[in-house]
Amino acid sequence: MTETPDTTNGTVYHFEKGPQGTLMAIEDFNLWYGHKQALFDVNMTVERGFVTALIGPSGCGKSTLLRSINRMNDLIDGLTTKGKILLDATDIYDPDVDVIGLRKAMGMVFQKPNPFPMSIADNVSYPLRVDGIRDKKILRETVVNALQASALWDEVEDRLEDNALGLSGGQQQRLCIARAIAGDPDVLLMDEPCSALDPVATAKIEDLIDELRGRYTIVIVTHNMQQAARVSDNTAFMYLGRLIEYGETSRIFTNPKVEKTMEYVTGRFG
Amino acid sequence: MKTRRNKENSARDDEQTPTNAGGTAFNSEVRLNVNSKATRQGTDEAASAPQLITPQRKSMVWDFKARGEPFLWLFGGGLCVGIAMIIGFVVLIVYNGILTFYPRPIQVVLLRDGSRLAGEVARAEDFRPGPEVMAKLSEETRKEIAVHEGFARRTLYRIGNFDLYNEDFRWVVDYEISGSTTPEDMFFIERMEWGPFIGTIKSLDLNGKVIEKSSLSMETLDAEQTRGAGRRERIRGIERGEIAAVNHYLEEERLKLKKVGLQFGQKSPQYAEAEKEFKTNSERLELQYRDLAKEVAAIKEKDAQYTIALADVSGREKTLKLSDIVRFYPANKLTFSGKIGVYLSRWWEFLTQEPREANTEGGVMPAIFGTFCMTILMALLVAPFGVIAALYLREYAKQGRLVSLVRICVNNLAGVPSIVYGVFGLGFFAYILGGNIDRLFYPERLPTPTFGTGGLLWASLTLALLTVPVVIVATEEALAAVPQSMREGSLACGASKWQTIKYIVLPRAMPGIMTGLILAMARGAGEVAPLMLVGVVKLAPELPIDHFFPYIHLDRSFMHLGFHIFDVGFQSRNSEAAKPMVYVTTLLLISLVFAMNAASIMIRNRLKRKFFTGHF
């Protein structure tokens, strides 16, 4: 690890440009936890309407990068950043940017399902209620749409007022996805959404991601390379805090341009 | 063979100490001989003299230290001792408390010297008579005592009739007794004054119409006593209710005038006007007062015509007003249902009436009410204080050395002796805060203090201060137990920090906060020492809540069960008579604390069910 990372960082790009253009651009992004640098000059774009996967071995910084996008890392003491993350040409690390407003524009799904201890309907309508929306009709409409979009509607239709903690793990995760899209975000951030789920539930979530493609821009962190290969359009491979290769998913997994990527996707390390 | 065993052992090492399995695998051969969990040095020592014996599975060798049975017995024993102490205490209190009000038979004891006494048996014990006492005894008695290794038995009788005998209880040694009976005409009569009377009823004088004992039926007695009690209640109602109200309004008028005087000066036109108004109003009230006083006098005069003539066991007579009798029953003639009736009516009196006779008789209703009010008020004050402080410490403050220091200080506050809080409460709350409130808002009442002395508000505040560390610590723990993923989930939805706390963190931490509040209430309700300084009194003339504006009087002093126990048990003229009352009051205090805790636990469990169901 060099102390002063070179500016080009050696990243190899061959990603597919989205038909709807670019939504987000990460420019020379560096991040430190205290004195420990976790991200080194990351440069990449997120294409609108695409599913972008972040892969890499544990501790490579992919979750850190994802959490930097909606500034969830702000909660950590002693965190410093350098560089820009542009969302529609606005730098989200600009001091004028309202973090709360920023997060409203982004939905996030976590590793472990984290439904709130309230009813299913209240869970889904939470982003609206914190916005101060009290109109029962709008709330109800949003709940129905979000649950339908997250393919949970048929299973919970008749028990919307039940406690969300009574759902199964897979249902809880789909509920969290419904909650994430209820606020009508531009981007959906998913941090290993299937790592706590069984294969059947995982398959359902993957189908759901596939359905959401095009409607939402999705950034997904995953440990599961098959999953990345199945659901994503572009894949970014990260290693030791650096972006090594960012390209079309099919090429990353079949014929990557960097040796390190090849070693990782074929399972020689990681 | 050797390699195979080596492998086997290293595999087992893997299971036991997965972190350094690789490092220990090479000398597992020698460790076979070591039965106890060998330390690293131990294995090196054994390695110097290697010898191969039949391998023995280490896990199957009985090891005293590893098994932990001694610790099981130690921990279990500790728990048992704790539980035994608690159960013993509760059983003692409940047994004595529950039996206190059960009517006992009256024994008439004939003594050797020819005198008689009548009373309830309180208790009996063995004692060793002194030599000068022994010298006066007969040969026979001395022999009898010698047989019992110098011990004689004596019995404590509750003889009542304090006005005749100047004592309530009397010890009688067994050898003084020549015989005892339980005559059916003995009555136990509880009076408004002088404690109980034990004796027979001679006659009844109903406004000149005399009914002798022979023609007196229980029904007539009951009916006349009830009527007498009705007159007593009427007098009390007028004196404590209507006359008290007139006095209250009269005082208000006086204060109003004084206030005008202070505001505008005694020579101002406003004062003259107010004085005129005061005169008309006070004259009207004085008139009312005179009418009421006349009515009371009339009832009292009539009441004095209804009397009952009693006689104690040796024939000394005593005449009482019928209205002075609280309760009476023929102790030796009572059926079981009659006894239960007396028992329940005594409990009812205890729970709903005011105390009489320097708190040793009557009820404790004002004390129950005072304790309840104070505890609720304390909980209402301490909950926001504690929760807000804990929220700041846990959610907002930057965790560092300063916050740790604050936390340690808060924990240490819980160890300050409660009397110190009492002194602080009196000095700061009552004298400084209360004194200033009086000067600002109640200048007309000075020099009589309103808030400038101990009272319900200051007592509650003092106890809130005393219990706030408990709430802070419990709340902090409850907040820390809320999973970080919940907070992140909420923040990721675009909620602000406060919204996250309000909608997610606080509801989820509520059961833990309730636990802290329950602990605080239990501690606060049982605390007496600081209260003695900041507002608890032996006998409060008025309840803190009544029908006079502003209805809730936070400035008033109040009664408290804990202080009542202290007062009855250690400050009354007759500690023997007070003992049962101490048990009953303790039982009541424990029940009250238990009931309040049970209520909060129920609320907590309801909250818990809401937040802790499901899979995770």
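Domain bounds here come from an automatic or database domain assignment. The structure shown in every view is a predicted model.

**View 1. The two domains of chain A.** Chain A is divided into domain 1, made of residues 9-105 + 186-270, and domain 2, made of residues 115-184. The C-alpha centres of domain 1 and domain 2 of chain A are 26 Å apart. Where these domains of chain A meet, eleven residues of domain 1 are in contact with eleven residues of domain 2. On the side of domain 1 of chain A that touches domain 2, helix 7 (residues 199-212) of chain A provides the largest share, four residues. The residues on that side of domain 1 of chain A divide into eight nonpolar, no polar and three charged.

**View 2. An open sheet in chain A.** Strands of a sheet pair through backbone hydrogen bonds, either parallel or antiparallel. In chain A, four strands form an open sheet in the order 3-2-5-6, and the pairing is antiparallel. Strand 3 (36-47) and strand 6 (90-91) of chain A stand at the edges; each has a single partner strand, so one side of each is left without a neighbour in the sheet. Strand 6 of chain A is joined to strand 5 (residues 79-87) of chain A by two bridges. In strand 6 of chain A, A:T90 is the bridge partner of A:L87. Helix 1 (residues 62-69) of chain A packs on the sheet and touches strand 2 (22-33), strand 3 and strand 5 of chain A. The direction of helix 1 makes about 65 degrees with that of strand 3 of chain A.

**View 3. The contact between chain A and chain B.** The contact takes 22 residues from chain A and 20 residues from chain B. On the side of chain B that touches chain A, the elements giving two or more residues are helix 17 (484-492), helix 18 (497-526) and helix 21 (575-611) of chain B. Helix 17 of chain B gives the most, with six residues. The residues on this side of chain B divide into eight nonpolar, eight polar and four charged.

**View 4. Helix 17 of chain B.** Buried residues in helix 17 of chain B are B:R487, B:G489, B:S490, B:L491 and B:A492. The buried residues of this helix pack against helix 2 (99-104) and strand 7 (106-109) of chain A, together with helix 18 of chain B. Helix 17 of chain B is followed by B:G494, whose phi is positive, near 90 degrees.

**View 5. Helix 14 of chain B.** At 1.5 Å a residue, the 13 residues of helix 14 (residues 401-413) of chain B should span 18 Å, and this agrees with its end C-alpha atoms, which are 18 Å apart. The number of buried residues among the 13 is zero, so helix 14 of chain B lies largely in the open.

**View 6. Two loop residues with positive phi.** A:D184 is in the loop between helix 6 (169-182) and strand 8 (187-191) of chain A. The phi of A:D184 is near 50 degrees, a positive value in a residue other than glycine. A:D184 is partly exposed, with 14 other C-beta atoms within 10 Å. B:N166 is in the loop between helix 9 (162-165) and strand 4 (169-173) of chain B, and its phi is positive, near 65 degrees. B:N166 is exposed, with 7 other C-beta atoms within 10 Å.

**View 7. B:V210 and its surroundings.** B:V210 is found in strand 8 (residues 209-212) of chain B. B:V210 counts as exposed because it has 10 C-beta neighbours inside 10 Å. Not counting residues up to four places away in sequence, B:V210 touches B:S203 and B:D205. B:V210 and B:T307 are 97 residues apart in sequence, and their C-alpha atoms are 9.5 Å apart in space.

Technical notes:
Residues numbered from 1 in each chain as written. Chains lettered and ligands numbered in written order. Predicted model: local features only at pLDDT ≥ 70, side-chain atom pairs only at ≥ 80, totals over all residues. Expected span 1.5 Å × (residues − 1). Buried ≥ 20, exposed ≤ 12 C-beta atoms within 10 Å, placed from the backbone. Contact = placed C-beta atoms within 7 Å. Nonpolar A, V, L, I, M, F, W, Y, C, P; charged D, E, K, R; others polar. Pairing = 2+ DSSP bridges. Axes fitted to C-alpha atoms, helices over the stretch in contact; angles between N-to-C directions.
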